[in-house]
Amino acid sequence: MLLAGRNAVVYGGAGAVGGAVARAFARAGAAVHLAGRTPGTLDAVASDIRAAGGTATTTALDALDELAVDRFTERVADDAGSLDISVNLIGVGDVQGTPLAEMSAADFEQPVVTAVRSTFLTARAAARQMIRQRSGVILTFGGGGHRNPIRDYSIGGFVVALAAVDAMRRQLAAELGGYGIRVLTIESGGLLETVPPADRPRIEPLIVAPTMLGRTATLADIGNVAVFAASDLAASLTGTILNTSCGASTD
């Protein structure tokens, strides 16, 4: 098993992407520590993992709460003996469909502030533990915020948020590489499974048409790539994007 004996923290572990990654980590042998704001949905993912023979714990917290993130990370490292993988998959609450010229400053800022603050806090907390053990993997999700703007549909501050997280990933990788810590982003061109059914007729052409494979990545695809990124098979990869856009982006 690629992640046997490793401890993985998944922020936003009750969401569609977070749950898929958490289940994939557990199938690969990692002990998964789920964090999020809603205990009931976290418990449902943890129950699935345990029913399949995996190991999972849950903690209710807000990834924007500096003290809560620091305490949680320290507790995982102390109780489990290590913190080997940390991934931030919380939702950023972006407002979509409103052109930037018509959007309020608050709506524009929300995904930027949420993504940047939560990524910084969770990565910083993980890095402090990983520096001591001189190993670890920090993953972010989204990527590609610096290229390919969408012309026919506005996603507000979300692209700006992705670009900021991309810049943070590069800087973290540069600063932490000497400690054996890898920092990677999993890029998606959009996941059709996460789009509400009522919105799919409008959204599907926008995210499927640019792909080369005629489809978007699935949640299972994201989970598999996350396992690879966190494993020793990707030991030479850091500071870069793992592109799961099905060809919508070519870099």
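A nonpolar core here is a set of buried Ala, Val, Leu, Ile, Met, Phe, Trp, Tyr and Cys residues joined through side-chain atoms within 4.5 Å; buried means under 20% relative accessible area (1.4 Å probe, protein chains only).

The model is predicted, and local features need pLDDT of at least 70, side-chain atom pairs pLDDT 80 or more, while totals for chains, interfaces and linings use all residues. Residues are numbered from 1 along each chain as its sequence is written, and side-chain values use heavy atoms, without hydrogens and water.

I then listed the partners of L139 beyond four places in sequence: F25, S86, V87, N88, L184, A226 and A229 are in contact with L139 (heavy atoms within 4.5 Å).

Nine of its twelve residues are buried, so α1 is largely enclosed by the rest of the structure. The cover over these buried residues includes β1, β2, α2, β4, β5 and α7. Just after α1, I noted G29 with a positive phi of about 105°.

Last, I asked which residues line the second largest pocket. They are R6, D84, S135, G136, V137, G180, R182, A230, S231, D232 and A235.

Definitions and conventions. On a 1 Å grid over the protein atoms alone, a cavity is a set of points where a 1.4 Å probe fits but cannot get out, and a pocket is an open set with protein on both sides within 12 Å along at least five of seven lines; lining residues have an atom within 4 Å of a point. Buried means under 20% relative accessible area, exposed over 50%, partly exposed in between (1.4 Å probe, protein chains only). Helices (H or I, at least four residues) and strands (E, at least two) are DSSP runs, numbered from the N terminus.
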